[in-house]
Each structure stands twice: as C-alpha cells, then as structure tokens.
Amino acid sequence: MIAEVLLPIPVNQSFDYRLPESQTAVVGQRVLVALGTGKANNTPRQITGIIVAIKETSPYPDASLKPILALLDSFAIVDRAWLDFIQFTARYYAAPLAKLLINALPKHIRSDSPLTLPKLRYYQLTESGISAHKTEILPTRATKQRALLRFLHDQDKIPINEALVREQGFTAHDITTAVDKGYATYTLTSPYHSEENVCSPDYQLTGEQQALLDAITTAPDNKTHLIYGVTGSGKTEIYLQLIEKAINTGQQVLLLIPEISLTPQMLARFHERFGNRVAALHSGLGDKVRADIWLAAMNGDLPILIGTRSAIFTPFQRLGLIIVDEEHDLSYKQQEGIPYHARDLARYRAHQHNIPIVLGSATPSLESLYQVKKGHYQLHQLVTRATQATQPTIHLIDRRGDKQASHAGSSANLPIAEILLQKIRQTLQRQEQALVFLNRRGFSPVMMCRHCDWKSECPTCDAYQTAHTRARQLHCHLCGYICPLPTQCPQCGQRDLIFVGHGTEKLETQLQAQFPHHHVLRLDRDKQTTTNQLHAALEQIHNGDAHLIVGTQLIVKGHHFPNVTTVCVVDSDQALFSSDFRAEERLLQQLTQVAGRAGRESQQSHVYIQTTLPTHPVFAALQQQDYLTYANNLLAEREKYELPPHHAITIVKASALDAAPLMQFLRDVKALIDDNSQALTTLGPAPSPIERLKNRFQAQLFISAPSRMALQRELPLIEKAITHLDKSRRFRAVIDVDAMEN
DNA sequence: AGCACGCCGACT
DNA sequence: GTCGGCGTGCTC
Ligand SMILES: [Zn+2]
Ligand SMILES: [Zn+2]
C-alpha cells in the first residue's frame, strides 16, 4: 500500500511513501519519513508528516518510493473533515497547504515525540484488595500499603481520581505497587468528563432573551445567527444556554473570543456552569497542554473549547455549535503569515458540519450586517440591558481653537479640556472611577530639538520613534528598533529636546500630578507586558484600588466596569482623517465599545469625547445610540464606491531594498492581471502608507472583484503572476485576501 | 524548509 | 586553477 503524506514544508503538494505490509495505517495518523538524499550528513533528514490518503498505486515509479520509517501514534490526530477544512483554507488564502499545517498544528504535535491521549486514572480496590484490607493480611510494616487500601476502601465514590489519592500523601510508587500486587485497579477517563449535572443558575431570562434563545434553537441547523446586543444585554447567558443544550445532546462546542476577553473571571463563569467540561486555549499554555487539548477535542472527549483566533483549527469529532463572540474584533484576522480571518473560517466549518454558528457583538462588523441584508444571516437584537444599567450620556467637547495649545510642546500642557478635569475631579470626589482613553502608547510620539530640525526618526522606517521616558528609550512601534533616550540633540548637541504630543505615559504623569491623592493606573502593553499583569490591573479596577484609569485599546475590549461613571476620549480625530476606508466603522465601534465600559444601575454615567470635528455625523449616531442605522448608512456608502463588503478586495503587498524595481515588479503583476482577467480591477501600485520599514520599501497593488466568489475564481491567476515574476522571492510578495488594513 | 547543483567573480 | 557567493530547482 501507498500512503500519501503531507509534510510541513512550504510546497503545494503531498508525497507518496511505501507503507510496509505489516503496518495498518489510517488517514490522519502521524508518520516519520525521510526526505531528500542528505549527502552532507550522509543521512537524509527525517520529518514528521500526516497521512492524507491511503491508496493502491502511486504515479511515481516503485523504485523511487521510500518507506515510511515509523507510525508515530496508534491513532489519528486529525480526520478527513479537518483535512478538507485545511485544504479549503489554503485555497481560499492562496497559501501552500503545508504552511497552513505549520500554522495550525501545535508544536508538540509537529515534533516526532509519541503522543498519548490525555486520560486520568481512577482507582478502586480489586476483590483481592478488599479482602486484603478486611483480613489485614499485609504485614504491619507495610504502613503505606495498608493506609492506601483503607483509603480506597473507605471512599463512598469509587473509582477515585488519582489526583485525590495523591493529595492524601500517597506517591505514584505507592499506587503502582498496589496495582502491581493486584490489590487495586484503575480505569482511564478523560479529564474533561464529568458525571455532575450542568449547574444552571436560578436565573430568569428576560422575555427578549428567551425569545432569542427559542428562535436560535428552533431554527434549522445550517443557519448563521448574528446577535446584536448592547453591552450588558446578556449575550453571555444566551451563549451559556446554547452551549448547555448542545453538550446535553453529546455535541462539542467551539467558542471563539478575542485574546483580551479570555480573563480568569470569564473562565470562572464557564467553570462554575460546566465544571471540568471546559478547556481554554490561551497564550500562557505550554506545548504539551495544547497537544492534550487538541487530542481531547479530536477524539470527542472535550465538550467545550474556548479559544482565540487560532483555536479555529482544532479538530472535533462531534462539533455541534460554533460561537464567535465580539465578531467585529480585529484580532480574528491574522496579520502576518497567512492572513486568515477566524470568523470567516468558522462560517465555513459550520457549513461543512451542517451546524449552527452564532456571531455576537454590540457593534457588528459591516461584513456581517451585509450578510444580514443579503438574507444569509438571521439578525437577533437584544436592546434592553438585562442588568438595568442606564445608558451613558454622550457629550462632545469642541476642541477647535485650543488644539494649538496642546501641540506647543510644553509638557505642562494637558491634552484634556479644563471642564473635563473638573468632571474627573467631581467623579473622584464621589468615590467613583474615571477612565481616560488615549490610543497612543509611550510618553510622546515624537521628540524634537528646538535648536535644529532634528526629530526622533527611526533610522530604518518612515516613522518617528516614540519616547518612553520610564524605560529611558526611544521605540519604533513599527519595527521594534530601540535606542537610548537622548539627553542632548544627536545632531547639534544642544540640551534643548522637547517631547511633542501625548501618549498614555505622559498623560499618566500629568494626571497623577493633577490628582496627587488618587491612584492613577495606566493600562497598556508597556505597563502590563504579561497576561497576568493585565489581569491583575483589571482586578485593581474592579475592586476599586485604582481610581483614575488611563489606557489604550486594552481598556476598550470586553470589560465592564460598573463603578466607572466618567469616560474621556482624548482624541478621536485621527480616525476621521485616515486614508483607510474602514476608519469610520472602526471609530464608531471603538467609541460605542468605550461607552459600554461604564455605568451601573443606580448611577448615570457620562462619556466625553474631545474632537475638532463635532459636527461629524458619527458623533450624532453615537449620541442617539443608533449603531445599526449609522452602520447601514456606511454600508450604503461602501456599495456606492464598490468597496467591501459589497466588493471583495485583495492586496498584493511587496517590499524590496530599492523602490524602482519593486514598483516595476508590481506594475508587471498588474499588467498580467489586466491582460488576463475581466473580473478583476487593479488599482495602483502605490507605496504603502508606511513607505519604508526595516530599510525596505513597501508597496502594494489593490485588486478588486465584484464578489468574494469572483475573487476566488481568479486567485490562481494572481498567484501565478507573482510566482512567475518573482522567482527569487526578493520582493517578498504576499497576497492578502480580504485585506482588512491598508 | 533544507539541500544540492551550477554558474560566475576573486583569491591563494 | 579552486573557493564560495547565491540564484534555481527538487524533494515521493
Ligand atoms: Zn539639535
Ligand atoms: Zn522602525
């Protein structure tokens, strides 16, 4: 027999190997194979691959086929449905299959070390163990064995988990001895198996929630549902009940959430309800645990998996429901490597398994609203806050006129209007919390010399290095280049350097000076570098230790702070001047989410937005709390200009040391596409918004198609054009299918 | 990805 | 003359 093996090398094909007669193998099993001649080391290199097909014959001559060196495990680590999913993904994003394999498989599974299914041992006494205990046949010096037999005998619930036995001070050796002597025996059970009932709370669903739940559960299986629910409207309870229904019929559930929402509190809520039936894939997990979760999901042992973007690649034996929370969130789109979108892939997987998929958001993406409009998604609304918290009032602070002052460079200058400072002061005096949102890390985005024209330009990028005074460094936020913070001008030597503009670090310092008796907490990726630090900071906000919070994006997502009654948005105008056609959608989502952070039942909360464009319609929409209407207006605008989601776009992004050959390359790609495709429209090429990055010129070619399907049909043409025109890969061209950022 | 092969400039 | 640079192509 011949096994067709997929190898983790970036080639768009699989390899045939001879399967020894004695071996029986199945699709999805891991194998060790040799590849190449390996003349240098005298041995060909050995790699771990996955069997994708087993067949009688191979198109390759028998003599050229190498044997499979070893079957690494006795079971398959993926199934056919998974392989089909990976194949679809590779095609859709024009990526080599094996590159996806590398992306999708946990490291430990890609290695050649043998895997074992994660099982816990549950112990109980054998007949001979029971009589040995009762007749006290064991010598008195065998104290540990006697104690162990007594302990196992006295349990009301048997068999008993190994961990509980170990807790009593029995070592692994004590236990194996009892097993070896025939006194005890064990059964293997999944660590995610539970005999306990799901712990439903005596929580009364609102009429709206109940109606929504009924609508989803009675809908046909292959439906996509979009829940539009304002913060606090009880989306999570809906998810929990849907999950419970699914696992009660023996199905598995995948819940995708943004990285930032995966907090201990969130997990605690799931564990409280579902006990050990839940596993979470988060960044802190080790390779071994990831592999265990993978295998448990694959063989059907794991009922519920909560995970971030990459969890979409987990194989399931009986997947019955997919939920994508905060479906608008940008973190679902991978930016580097294969630019896949987990929400879009989730839709494919649901379709593939013929199961329902539920998307939820307080600010649905235009992509999803478009699908609603086309009748592909069913829209459900949760308009009343289940917790009775009142909607915040939104105020605009007109910053026309005093904008110059904050740009003058004096660090004494606060980027916050005097009236806002008063509001913050009053809030703190009332023992309530205030939150200041500024989406810029660091102390100041630029450093300048007042004597000459020196600015803190990154030596390798078209960008300024941000000053981080705490760390005494200049950081380039694009390429990561770091150098010490200069104390005198690197160009003229004068000690007259100033910090221009505001970042969270500067704002923190200034606000601490304004409110010396209150605890000012900064929340950003510089201050909280690890997830644990972030969770600790969030806890400080929840328990009231922090009074005034200054933060970036990090505070926008997912968390509700009931005691925050005042929210200030320092600067929202950047988005309105952006060249990205999605900037306005983003701004509306971001501001709606920021507003959703605040408030509780008894207290009226306020959101203050500083802007130099107070008449912009996005603010009126925000004040009327009318996300859907405004989003639909944006959607109409996108249609008019033939932009996504009405049209599909893909961007060919390339870079090189010199601009001229790079632009020529992209012009050649454009010409090839224009000559060979009716459906595709090209625009550009043009230098990227950041023209130079790490000393390489960046340029891009926009390609638009009337639909995603049309784009898919023509994608091989784009691929061919690139591989043909850039054989040496010196332009590092990548195709960003359904690009989200430009 | 790795590795071999091959074709040119430059260095004992 | 050969050493090594990398551009090109192959691996079942
Ligand atoms: Zn100077
Ligand atoms: Zn840089």
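I looked up how strand S18 (residues 433–437) is joined to strand S25 (residues 548–551) in this predicted model. Four bridges link the two strands, and they run parallel.

I noted an open sheet of six strands in the order S17-S27-S26-S18-S25-S24, with parallel pairing. Strand S17 (393–398) and strand S24 (520–523) stand at the edges; each has a single partner strand, so one side of each lacks a neighbour in the sheet.

Helix H19 does, touching S17, S18, strand S26 (564–569) and strand S27 (606–611). The direction of H19 makes about 155 degrees with that of S26. H19 covers residues 583–596, 14 residues in all, and reaches 20 Å from its first C-alpha to its last, close to the 20 Å expected at 1.5 Å a residue. I found 13 of the 14 residues of H19 buried, so the helix is largely enclosed by the rest of the structure.

My last entry is on a helix pair. The axes of H8 (residues 207–218) and H9 (residues 235–248) come within 10 Å and cross at roughly 40 degrees. I recorded the crossing as right-handed. On the H8 side, I listed Gln209, Leu212, Leu213, Ile216 and Thr217; they meet Glu237, Ile238, Gln241, Leu242 and Lys245 in H9. By class, I have five nonpolar, three polar and two charged residues in this contact.

Key: Residues numbered from 1 in each chain as written. Chains lettered and ligands numbered in written order. Predicted model: local features only at pLDDT ≥ 70, side-chain atom pairs only at ≥ 80, totals over all residues. Heavy atoms only, no water. Axes fitted to C-alpha atoms, helices over the stretch in contact; angles between N-to-C directions. Left-handed = near helix turned anticlockwise from the far one by under 90°. Contact = heavy atoms within 4.5 Å. Nonpolar A, V, L, I, M, F, W, Y, C, P; charged D, E, K, R; others polar. Expected span 1.5 Å × (residues − 1). Buried < 20%, exposed > 50% of the residue type's maximum accessible area, 1.4 Å probe, protein only. Pairing = 2+ DSSP bridges.
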